[in-house]
Amino acid sequence: MGFLGDFELAEEAAQDAFAIAAERWARAGMPANQRAWLVATARNRAIDRIRRERTLTAKYKLLEAPKAVHDEFHDADFRDERLELIFTCCHPALATDAQVALTLRALGGMNTDEIARAFLVPEKTMAQRLVRAKRKIKDAGIPFRIPPAHLLPDRLVAVLAIVYLIFNEGYDGRSPLLASEAIRVGVALAELMPDEPEVLGLLALMLLHDARREARVHDGELVLLADQDRSLWDRSQIAAGRAALARGMPCAALGGRAHTSCRQRSPPCTPRSRPTGRRSRRSTAICRV
Amino acid sequence: MQYLLQIYSEGDTQFDNLSADQRAAVTGEYMAISESPQVTGGAQLQPAATATTVRVQDGRTLTTDGPFAETKEALGGYYLIEADDLDAAIELAARVPAARLGGAVEVRPLVER
């Protein structure tokens, strides 16, 4: 993506590279630097495709680019660009539903059909939504990068809002897949931005909520926090959530919404806050921690 | 990349409500933007009431009094700019006074030929 500036082309090239790898590595064994091999192969496929399609616009300076030689590249040369990808998917110039779909597609690894089902829209609608969003990234020149310092705070808020939106869509067992995808993106974010209290706070919030998923519904009825069967709580998620919270504490001295809301509510084992009992999703999401 | 910045405002009401000094300052801002190196063209348009809309049907030229779309917000001016990416274009658009005086700026990339 960083090399090509074109989401769709990058995606297709990556798919080609994986297909080739699956076949070739099975036959000839794995190369020493697997990631580098995949990236080099993908770039070459993309260059081949561009040349074949003869789209000779000024943007495609890549036509001059020499083909990558596999041996020259090492894994260390290729940075993990997931952070750039997340910020690109959640760029404010894209509509919210496009940001959600792109994030799930690019980072969550869900396919178009799964995303469509999770949001109760026809697959064709979701496919079009994704295509339009990717075209906009290319045509309007949405940059593939981590936003510069003066834009970063607002952009990070937007990213976290999308992740939380996805998590809430999956809440209450409507789509455990969405909830776990949101957590997966949250984990990636926490790896990539380990000093951001809001990132850790959101991860903690999602883990602590999700830990109680099994206990939340009984016979189709919502169960209040105080009445939940605690043996159904996922201990490892609770531990992970608390760990994220603890990591964020030193950085959270300046406050921050997700982190504060997580900290204010005591750990699930000894709940002090009582949920109101209202069935609205929003209240359950906030009260339940 | 090249972008067209189309400047929309609701008549001139917010602008008119400013003091003479403030209006002069706003005009100065527009001029300063035109003088940025990124800006390759631009102009202020006369009010929508001065517009004429042209269509051709069966070889005949049809004209209508007024702008293409009769909306509350009217196109008041434009800038043609060069920018590395959308973020840079947005940053420039945000400097346009109309954006903070109740109007809006549409940022649209040109087709590159």
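**Close-up views of a predicted two-chain model**

**View 1. A:Met126, a buried residue in chain A.** With 23 other C-beta atoms within 10 Å, A:Met126 counts as buried. Keep in mind that this is a predicted model. A:Met126 sits in helix 6 of chain A. Which residues does A:Met126 touch, leaving aside its neighbours within four places in sequence? They are A:Ala101, A:Thr112, A:Ile115, A:Ala116 and A:Val121. For a sense of distance, take A:Gln34: A:Met126 and A:Gln34 are 92 residues apart in sequence, and their C-alpha atoms are 32 Å apart in space.

**View 2. Helix 3 of chain A and the helices around it.** Here we look at residues 82-89 of chain A, which form helix 3. Buried in this helix are A:Leu85, A:Ile86, A:Phe87, A:Thr88 and A:Cys89. And what do the buried residues of helix 3 of chain A pack against? Four helices of chain A: helix 4 (96-106), helix 6 (123-140), helix 7 (152-169) and helix 8 (176-192).

**View 3. Helix 8 of chain A, end to end.** Helix 8 of chain A runs for 17 residues and reaches 24 Å from its first C-alpha to its last, close to the 24 Å expected at 1.5 Å a residue. Its buried residues are A:Leu178, A:Ala179, A:Glu181, A:Ala182, A:Ile183, A:Val185, A:Gly186, A:Ala188 and A:Leu189. An α-helix has 3.6 residues a turn, so residues three or four places apart point the same way. The buried residues of helix 8 of chain A pack against helix 3, helix 4, helix 5 (112-118), helix 7 and helix 9 of chain A.

**View 4. The largest nonpolar core.** This core holds 75 residues, and A:Ala101, A:Val163, A:Ala182 and B:Leu5 touch the most other members. Which helix gives the core its largest share? Helix 9 (residues 197-211) of chain A does, with 10 residues. In soluble globular proteins, nonpolar side chains tend to be buried together.

**View 5. The open sheet of chain B.** Four strands line up in the order 2-5-1-6, with antiparallel pairing. Why is one side of strand 2 (39-44) and of strand 6 (104-109) of chain B left without a neighbour in the sheet? These two strands stand at the edges, so each has a single partner strand. On average, neighbouring strands of the sheet are turned by 20° against each other, direction ignored. Helix 3 (residues 86-95) of chain B packs on the sheet and touches strand 1, strand 5 (74-82) and strand 6 of chain B. The direction of this helix makes about 155° with that of strand 6 of chain B.

**View 6. Strand 1 of chain B and its two partners.** Strand 1 (residues 2-9) of chain B runs antiparallel to strand 6 of chain B, and six bridges join them. One spot to look for is B:Gln6, which stands opposite B:Glu106 in strand 6 of chain B. Strand 1 also pairs with strand 5 of chain B, again in the antiparallel sense, over eight bridges. In strand 5 of chain B, B:Tyr79 is the bridge partner of B:Leu5. In a regular strand the side chains alternate between the two faces of the sheet. For strand 1 of chain B, the covered face has B:Tyr3, B:Leu5, B:Ile7 and B:Ser9, while the uncovered one has B:Gln2, B:Leu4, B:Gln6 and B:Tyr8.

**View 7. Zooming in on B:Leu5.** Not counting residues up to four places away in sequence, B:Leu5 touches B:Tyr78, B:Tyr79, B:Ile81, B:Ala93, B:Val96, B:Val105 and B:Val107.

**View 8. Where the two chains meet.** Here 10 residues of chain A are in contact with six residues of chain B. By class, the chain A side has six nonpolar, two polar and two charged residues.

**View 9. Stepping back to each chain.** Chain A has 13 helices and two strands, and buried residues make up 34% of its 289 residues. Chain B has four helices and six strands, in the order β-α-α-β-β-β-β-α-α-β from the N terminus on. Of the 113 residues of chain B, 17% count as buried. The C-alpha trace of chain B spans about 45 × 40 × 20 Å along its principal axes.

How values were computed. Residues numbered from 1 in each chain as written. Chains lettered and ligands numbered in written order. Predicted model: local features only at pLDDT ≥ 70, side-chain atom pairs only at ≥ 80, totals over all residues. Contact = placed C-beta atoms within 7 Å. Nonpolar A, V, L, I, M, F, W, Y, C, P; charged D, E, K, R; others polar. Core = buried A, V, L, I, M, F, W, Y, C linked by C-beta atoms within 7 Å. Buried ≥ 20, exposed ≤ 12 C-beta atoms within 10 Å, placed from the backbone. Pairing = 2+ DSSP bridges. Axes fitted to C-alpha atoms, helices over the stretch in contact; angles between N-to-C directions. Expected span 1.5 Å × (residues − 1).
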